Amino acid sequence: MSDLATGLRCLGRGQRWVAGHGRWYGFGLIPAAIALVLYAAALVLLGLFAGDLAAWATPFADDWDPAWRTLLRVSVAVLVFAGGLMLAVLSFTAVTLLIGDPFYEKLSEKVEECEGGCPSAPDEPLWRGLWRSACDSLYVLMWALLFAAPLLLLGFVPFLGQTVVPLAGLAVSGFFLTVELSSVALQRREVPVRERMRLVRGRLRLALGFGVPLAAAFLVPFVAVFLMPGAVAGAALLVRELYDETWPGPGAGVPEDDRTRTLGPYR
């Protein structure tokens with residue numbers, strides 16, 4: 001329970017930090033606003049053409065009784081749109097972080113500097129950092145979809161789909177949101193994506209305490225835009241809970257074995 005409370009506290013501290021640093025808050029709003037416009041347009045198009053997609057996917061129902069055909073195709077259209085919405089929730093953070101990589105890197109650095117000490121970022125060209133972030137996000141999204149797809153189908157099971165499945169979906173979304181948001185600070189520490197996943201999974205209650213309230217808030221239209229800067233700031237604070245800061249970072253002259261011993265849960 002203490003880890004759940006710590007995760008929630010990190011989220012709240014991140015929001016308070018950006019509220020007290022208005023310039024950085026405005027700076028962090030830009031990528032999320034761009035991503036929101038793109039996602040809103042995509043979801044509107046999906047809603048407009050969901051019926052056509054359902055008809056294309058069910059040609060075998062052309063000769064059915066009109067009532068049954070309509071019921072089937074409306075169900076398929078709802079399933080298609082629900083799948084698109086779930087994909088949007090799961091991928092919004094990854095796309096926003098990709099669009100705003102330089103923005104959020106600076107924001108995350110500033111938060112850590114205010115907290116006392118910030119590891120230096122890897123010395124690499126911008127295009128290489130963006131490419132690495134895109135590949136890492138695709139890896140995380142692949143795992144998120146492996147969990148989300150069965151939950152989407154179970155959502156049509158009576159009672160189960162209205163009780164257990166939404167809660168499980170929030171937990172899955174919350175976990176992967178935490179993985180994505182913590183990637184900004186963990187990339188700066190040169191932690192590979194697979195190790196990031198293991199690191200966050202090792203403190204699952206901490207990740208859920210941070211990510212589940214955020215995932216629930218992201219379901220409300222437009223809220224994600226206003227919460228993203230604080231979410232990035234909170235994730236920087238969360239990483240300091242996850243990661244032993246006694247490792248000075250790459251290039252600090254610390255032997256590899258000593259670095260491994262300082263990683264705490266990362267081991």
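At what angle do helix 1 and helix 9 pack, and how far apart are their axes? Hold that thought for a second, everyone. This is a predicted model, so local features need pLDDT of at least 70, side-chain atom pairs count only at pLDDT 80 or more, and totals for chains, interfaces and linings use all residues. Residues are numbered from 1 along each chain as its sequence is written, and side-chain values use heavy atoms, with hydrogens and water left out.

Okay, back to the helices, which are DSSP runs of H or I with at least four residues, numbered from the N terminus. Helix 1 covers residues 2-19 and helix 9 covers residues 223-242; they pack at about 130 degrees, with axes 7 Å apart. The axes are lines fitted to C-alpha atoms over the stretch in contact, and angles run from 0 to 180 degrees between N-to-C directions. The pair is therefore oblique; that word is for whatever is left after under 35 degrees (roughly parallel), over 145 (roughly antiparallel) and 65 to 115 (roughly perpendicular).

So who touches whom? Contact means heavy atoms within 4.5 Å. On the helix 1 side we have, among them, Thr 6, Cys 10 and Trp 17, and they meet a helix 9 group including Phe 226, Leu 237 and Glu 241.

Next up, Thr 96, which you'll find in helix 3, residues 66-99. Is Thr 96 buried or exposed? Buried, because its relative accessible area is 0%, and buried means under 20% (over 50% is exposed, in between is partly exposed, with a 1.4 Å probe and protein chains only). A polar atom of the Thr 96 side chain lies 2.7 Å from the backbone oxygen of Phe 92. Leaving aside neighbours within four places in sequence, Thr 96 also contacts Pro 31, Ala 32, Ala 35, Tyr 104 and Met 228.

Two more residues and I'm done. Ser 183 sits in helix 6, residues 164-188, and counts as buried because its relative accessibility is 8%. Not counting residues up to four places away in sequence, Ser 183 touches Leu 97 and Arg 196.

Last one: Val 193, in helix 7, which runs over residues 193-202. Val 193 is buried too, with a relative accessible area of 8%. Which residues does Val 193 contact, once neighbours within four places in sequence are set aside? Asp 136, Tyr 139 and Val 140. Val 140 is 53 residues away along the chain, yet the two C-alpha atoms are separated by 8.0 Å.

Notes: Helices (H or I, at least four residues) and strands (E, at least two) are DSSP runs, numbered from the N terminus. A polar contact is a pair of N or O atoms within 3.5 Å; within protein, one must be able to donate a hydrogen and the other to accept it, and residues adjacent in sequence count only if both atoms are side-chain atoms.
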